[in-house]
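Here are my notes for anyone opening this structure for the first time. Have a look at the model, then read the points in order.

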Amino acid sequence: MYKNADPRLTYFVLNRVDLAKKQEQVLTRLYQPLIGPVAMSLYLTLVDDYQHVPIKSQGKRLYQLQEILDIKLEDIFKSLHKLEATGLVKTFHGEMLRVGDYLAFQLIDIPEASEFFKTLLLSSLLLEKVGTTRFQSLNKEFNPTLPGFIKDGRDVSADFFDVFRLSAEKAINPDEQVLNAANLADQKAADLVKDKMSPIDWNFVKELFSKYGISANEVDSHAGQMAQLMHFYGLSEQDFVNQVATTIIAGQDQLNIKQMQYRLNELATQNHSQKQIAQAFKRGNVQNNSPVSLNQSERELLEMAQSLSPLKFLETLKSQKGGFVTYNERNVIRRLQLNYNLPDAWVNILIKTCLDYDSVLSDNITGRIANSWLQHQVTTPEAALKFTREWQKRKANNFSKKRVEKGTNWKKKIAQDKIDKKGGTSSADDQDLSEIMKNLQKFDPKD
């Protein structure tokens, strides 16, 4: 993946691509949901850019692409990477005398719709983007089935030799030119696949799977699909087998590709969330350097939160209230700890806050409050206690004002909103957690 912040960087388009109507339909209906309209515009612009075999004096500059597309340079590279990842563009980087750094774009022909749907990574991503109903509609549109009555018909189409005359010698032993052309086409196709995918040590993969009772033949039968998954998620042979091992049913010599896709997608989502949370905690820890003043009850709660594991902390709170921990509540705790690597003490204050507003702990309430805290840089248990206390005060003040207020003087309210805006206060910030808590009294049906 290559990026450059210099809009004066030279680029060339290496080849021509002529789009037939069917290819335009595939690009618009199947690829656009994956790459987005900006990347599609970039692809069409590059198609239009090619005039002839480029020479170095005729290179264009990236700022010219910016002017045409009216987007930032960063967005050009984001779109370019989408085109590269879906196999529509191949990018080369090099350096030339009197040109300096350059990029060269090789445009790839839009494949047939059947090839798109046979590429599991592309069709799986399309399903995620457009949903089941739309996916099935596109599949039927691009892969139509013959009507039922055809099965009773007889294929009477003419054969090649029924129409054309070719000597037996030429049919069996084609000219060297014909063979060379066929070999060149095969080699180009093989090179594209080879360049797109690094080699996989299948003997090593078979050895790893054999520990789970999976035979070499079963691995061979799914090798193409697994290769796509490994390259799509950037996994080594060892990491791939380790991550999909949970999809294997003990005692069955069978690999479930669909379950592998679900598992790898789940792990990739978790990793992305973990990175975002880690960045949020890093930013919040900078904000929370100053000491937090806590009252006696808050200090006691903090001490308890720092000394117990989240599950034990939850059990203690539920016991104090005369309740018990449900199966779903244990799963909520497990996901908070394992999936997101949140600190125990922080999780414990989150648990206490959630149970102050509902009798059970659910993914809904924990997710909403945790997101609100991180958006406000609340990344320590002390900061969480302070944030909750201040929010409760605002809520109490708002409630008392609502009970006294008989009507609203909208002129005063608009004037006050303008003052608040100038002073830098955000009503959205004050109401954020209030909005989050509105529907938290509902009992979680999963429990």
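1. Where does asparagine 15 lie? Asparagine 15 sits in the loop between strand 1 and helix 1. Helices here are DSSP runs of H or I with at least four residues, strands are runs of E with at least two, and both are numbered from the N terminus. Leaving out residues up to four places away in sequence, asparagine 15 touches Tyr50, Phe105, Gln106 and Leu107, where contact means heavy atoms within 4.5 Å.

2. A word on what you are looking at. This is a predicted model, in which local features need pLDDT of at least 70 and side-chain atom pairs count only at pLDDT 80 or more, while totals for chains, interfaces and linings use all residues. Residues are numbered from 1 along each chain as its sequence is written, and side-chain values use heavy atoms, with hydrogens and water left out.

3. Now the overall picture. The chain has 21 helices and 4 strands. Of its 447 residues, 34% count as buried; buried means under 20% relative accessible area, exposed means over 50%, and partly exposed is in between, using a 1.4 Å probe and protein chains only. Among contacts in the chain with a separation of 6 or more, 72% come from residues 24 or more positions apart.

4. Next, the largest nonpolar core, which has 40 residues, with Leu30 and Tyr43 touching the most other members. Such a core is a set of buried Ala, Val, Leu, Ile, Met, Phe, Trp, Tyr and Cys residues joined through side-chain atoms within 4.5 Å. Two or more residues each come from strand 1 (10-13), helix 1 (21-49), helix 2 (62-69), helix 3 (73-85), strand 4 (100-107), helix 4 (113-118) and helix 5 (120-142). Helix 1 gives the largest share, 12 residues. As background, nonpolar side chains tend to be buried together in soluble globular proteins.

5. Setting aside neighbours within four places in sequence, leucine 30 is in contact with Gln25, Ala113, Phe116, Phe117, Leu126, Leu138 and Phe142. There is also a second, separate core of 33 residues, which includes Leu314, Trp346, Ile351 and Ile365.

6. How do helix 1 and helix 3 cross? Their axes come within 9 Å and cross at roughly 90°, which means helix 1 is roughly perpendicular to helix 3. Axes are lines fitted to C-alpha atoms, for helices over the stretch in contact, and angles between N-to-C directions run from 0 to 180 degrees. Under 35 degrees counts as roughly parallel, over 145 as roughly antiparallel, 65 to 115 as roughly perpendicular and the rest as oblique. On the helix 1 side, Ile35, Val38, Ala39, Leu42 and Tyr43 meet Ile76, Ser79, Leu80, Lys82 and Leu83 in helix 3.

7. Two residues have backbone angles to check. Aspartate 70, in the loop between helix 2 and helix 3, has a positive phi of about 60° although it is not a glycine. Aspartate 70 counts as exposed because its relative accessibility is 69%. Glutamine 377, in the loop between helix 18 (363-375) and helix 19 (381-404), also has a positive phi, near 55°, and is a residue other than glycine. With a relative accessible area of 28%, glutamine 377 is partly exposed.

8. Last, phenylalanine 324. Its place is the loop between helix 15 (310-320) and helix 16 (327-339). Is phenylalanine 324 buried or exposed? Phenylalanine 324 is exposed, because its relative accessible area is 62%. Beyond its neighbours within four places in sequence, phenylalanine 324 is in contact with Lys318 and Glu329.
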